[in-house]
Amino acid sequence: MKVLLLTVLAANVVAAAVAAIWLKLREPTPQEKLAALEQEVAPSGGIVLRQELQGQPKAFLLQDCKLYVLDASGPGKVTRTQVLQPGFYPWFTACTGQSIRFESGYLRVELSNMAFGAGGGNLSGGSYRSLDGLAWEKHTAKGWLAVDKAQD
């Protein structure tokens, strides 16, 4: 009886070890990768947003006034492709505020940048929107304009 009990106990230990190794070696799912990225960037103010746009599931990272489209489908780490940032300023700046939300069919992003020294000021941030997460418009005094035209 003792031998049978020890054999069952040993089999359970081996099964648990194999399961632990398998979990370490297997590729995480896209959802697991995005959840890990979310935990990684949250302490520094980064925001991961998952949203369906035009019938397609999308994931975004907003960090340091830069917006990235995320791709967690491939092997390894999540791929980041930058799609939005405030316009160019020829001096050092810092991100002082950022937000992202889905509203009325649009992905909306607010960016606020400030220059170092000489009093600073909100330089090139603003309100942005997109239907697909790739083509962006900026709100201007003339209304919504494509980012490349609004930030010239």
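Let's start with β2 and β3: these two strands pair in the antiparallel sense over 5 bridges. By pairing I mean that DSSP finds at least two bridges between the two strands. Strands here are DSSP runs of E with at least two residues, helices are runs of H or I with at least four residues, and both are numbered from the N terminus. One quick note on where this comes from: it is a predicted model, so local features need pLDDT of at least 70 and side-chain atom pairs count only at pLDDT 80 or more, while totals for chains, interfaces and linings use all residues. Residues are numbered from 1 along each chain as its sequence is written, and side-chain values use heavy atoms, with hydrogens and water left out.

Back to our hairpin. Leu62 has Leu67, in β3, as its bridge partner. The hairpin of β2 and β3 has 2 residues between the strands, and Asp64 there takes a positive phi near 55°. Cys65, in the loop between β2 (56–63) and β3 (66–71), also has a positive phi, about 60°, although it is not a glycine. For context, most residues other than glycine have a negative phi.

So is Cys65 buried or exposed? It counts as buried, because its relative accessibility is 1%. The cut-offs are under 20% relative accessible area for buried, over 50% for exposed, and partly exposed in between, with a 1.4 Å probe and protein chains only.

Strand β1, residues 47–53, runs antiparallel to β2, and 7 bridges join them. Glu52 has Pro57 of β2 as its bridge partner. This hairpin, too, has 2 residues between its strands, and Gln54 takes a positive phi near 50°.

Further along, please look at Ser104, in the loop between β5 (93–103) and β6 (106–115). Its phi is positive as well, about 55°, and it is not a glycine. Ser104 counts as exposed because its relative accessible area is 66%.

Finally, let's zoom out. The chain has 3 helices and 9 strands, and from the N terminus the order is α-α-β-β-β-β-β-β-β-β-β-α. Of its 152 residues, 27% count as buried. Taking a contact as heavy atoms within 4.5 Å, 38% of the contacts between residues at least 6 apart in sequence join residues at least 24 apart. The chain exposes about 9900 Å², with carbon and sulfur atoms supplying 60% of it; accessible areas come from the Shrake-Rupley method with a 1.4 Å probe, and for residues only the protein chains shown count as cover.
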